[in-house]
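Let us walk through one protein model, step by step. Keep the 3D view open and follow along.

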Amino acid sequence: MNVLLASSEVHPFSKTGGLADMVGALGKALARAGHEARIVTPLYRGISGRFPQMRREDWYFDLPLGDRRVQASLWSLETEKGLMVYFIEQPDFFDRASLYHENNTSYADNAERFVFLAKCVTHLARYLPWRPDLVHVHDWQTALVPALLLQQRAAGWGNPPPTCLTIHNLAYQGIFPPRAFALTDLPLELFTIEGAEFYGHLNCLKAGIVLADVLTTVSPRYAREITTEEFGHGLDGLLRRRQKQLFGILNGVDYDEWNPAHDPFLARPYSATRLAGKTVCKLALQKEVGLPEGRDVPLFGTISRLAEQKGVDLQLGALEEMLNTNMQFVLLGSGSSAYERGYAELARRFPARVAARVNYDEGLAHRIEAASDFYIMPSRFEPSGLNQMYSLRYGAIPIVRATGGLDDSVVDFTENTTHANGIKFYEYSARALAKAIRKALVLYQQPELLRQFQHNAMKTVFSWEQTVQEYLKAYELARGLRKGSFPF
Ligand code: ADP
């Protein structure tokens with residue numbers, strides 16, 4: 001199958017979160033399963049310097065964007081057999097310090113930037129000599145593509161390819177003032193509550209939910225959760241209507257990137273059967289972040305966007321309660337400045353117990369996974385979550401709140417004594433998390449049981465070979481359901 005993927009971020013070129021990891025890994029997995037995948041993404045600042053092998057294509061975009069036209073060029077890079085990445089070069093839109101925002105403020109022209117990206121994707125789907133059998137878009141930034149493809153049909157193109165939209169996080173919908181709708185150049189009939197309108201505004205994700213042939217999200221439990229009012233962010237009614245075409249497919253892990261046996265970022269490699277290296281990694285990290293070095297003190301880690309979704313308030317509260325015990329905690333994260341200050345403050349008050357690194361650092365993320373005995377992820381909601389899966393492979397026992405993909409990927413002792421690989425808690429409160437941390441401390445005192453947890457964790461596999469088969473099933477269904485025209 002020829003699959004055209006589109007995403008506003010793709011690892012290893014650009015990344016702010018799990019979306020980038022997932023799209024990069026899905027592209028590889030499709031190619032390795034014998035299909036042909038091409039990914040369209042923006043050429044952000046710095047990418048061409050890091051990947052000088054990329055080629056300029058003989059291709060030029062000149063597309064309408066409301067009352068003006070915008071030009072762009074195209075670059076490409078074949079990253080492996082069967083996988084090509086296309087980069088949209090539009091310096092005014094994409095050559096910036098960051099992907100979506102600076103100093104916690106979204107770029108004022110995000111509607112222009114990503115409507116334009118969606119138009120480029122649609123243009124490529126229509127005009128590339130390589131014909132996609134399916135177009136797979138991700139999150140709000142490319143969710144207008146299904147509508148734009150149907151518009152192309154109305155403009156005389158034969159049958160547009162069927163579409164699949166993956167919702168990586170329903171909390172981000174791409175909502176803009178009504179005048180932004182003009183940028184899409186879509187028929188006005190689409191700007192109704194049956195279409196792209198949401199309380200008088202343009203809602204890019206909603207347009208995709210209405211018009212994509214199939215919908216997926218990144219874990220089975222989150223697929224159920226988003227059809228409820230509690231997790232639906234105002235779109236649960238619409239999602240309930242599309243429930244038959246909505247599938248939860250748990251993300252896989254790219255074990256080329258996340259494998260402690262071959263991880264160039266680590267002081268010493270290790271595996272489930274050769275765990276000595278993990279202790280070396282622990283001592284090295286303590287040194288790196290300025291904590292007292294000691295192999296026997298339980299080390300907890302967290303790597304996260306510091307957003308409300310991630311349960312930061314709850315974690316700050318629980319740590320406050322627990323830091324009088326013998327433990328260490330390392331945070332790597334950035335986001336809301338109030339949360340950043342919260343951790344910095346904790347590190348200042350407990351210098352021998354807490355280290356907080358408020359930035360984005362890929363190598364350090366790997367080293368924290370390798371060094372930690374436990375990994376804390378107390379999310380309020382979590383579509384899939386990747387770090388708990390990385391933690392399992394790195395033998396850092398995950399402590400998670402049982403929601404979304406966290407619930408789907410971690411096994412608590414109370415669920416299965418033989419296969420337990422982590423600790424779950426349910427209530428969204430600092431007290432419940434503190435209790436889970438206390439359980440971890442008790443586990444730490446029982447080396448044999450801890451070893452069993454670690455062994456189970458490191459053996460847990462979330463393979464993309466399996467996951468990609470589920471996407472292929474969804475693609476087949478999309479081909480059967482193909483809309484072909486606006487349902488209005
Ligand atoms: P989300 O996509 O909601 O942010 P996920 O757990 O699905 O959460 O994915 C987060 C990804 O981003 C992981 O690969 C994680 O290691 C990475 N990450 C998050 N914050 C940082 C940071 N400050 N430095 C390095 N990597 C980070």
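Ala, Val, Leu, Ile, Met, Phe, Trp, Tyr, Cys and Pro count as nonpolar; Asp, Glu, Lys and Arg count as charged; the others, Gly among them, count as polar. The model is predicted: local features need pLDDT of at least 70, side-chain atom pairs count only at pLDDT 80 or more, and totals for chains, interfaces and linings use all residues. Residues are numbered from 1 along each chain as its sequence is written, and side-chain values use heavy atoms, with hydrogens and water left out.

Start with the second largest pocket. A pocket is an open set of points on a 1 Å grid over the protein atoms alone, where a 1.4 Å probe fits, with protein on both sides within 12 Å along at least five of seven lines. Its volume, the space filled by probe spheres set on the points, is about 320 Å³. Lining residues have an atom within 4 Å of a point. There are 13 of them, and Thr 279, Arg 295, Asp 373, Tyr 444 and Arg 451 are the closest to the centre. The lining holds 5 nonpolar, 2 polar and 6 charged residues.

Helices here are DSSP runs of H or I, at least four residues; strands are runs of E, at least two. Helices α10 (276–289) and α17 (447–459) each supply at least two lining residues. The largest share, 4 residues, comes from α17.

Now find the sheet. Two strands pair if DSSP finds at least two bridges between them. An open sheet of 6 strands runs β17-β16-β15-β18-β19-β20, with parallel pairing. β17 (354–357) and β20 (423–425) stand at the edges with a single partner strand each, so one side of each has no neighbour in the sheet. Inside this order, β15 (299–306) and β18 (374–377) pair over 2 bridges. Phe 300 has Phe 374 in β18 as its bridge partner.
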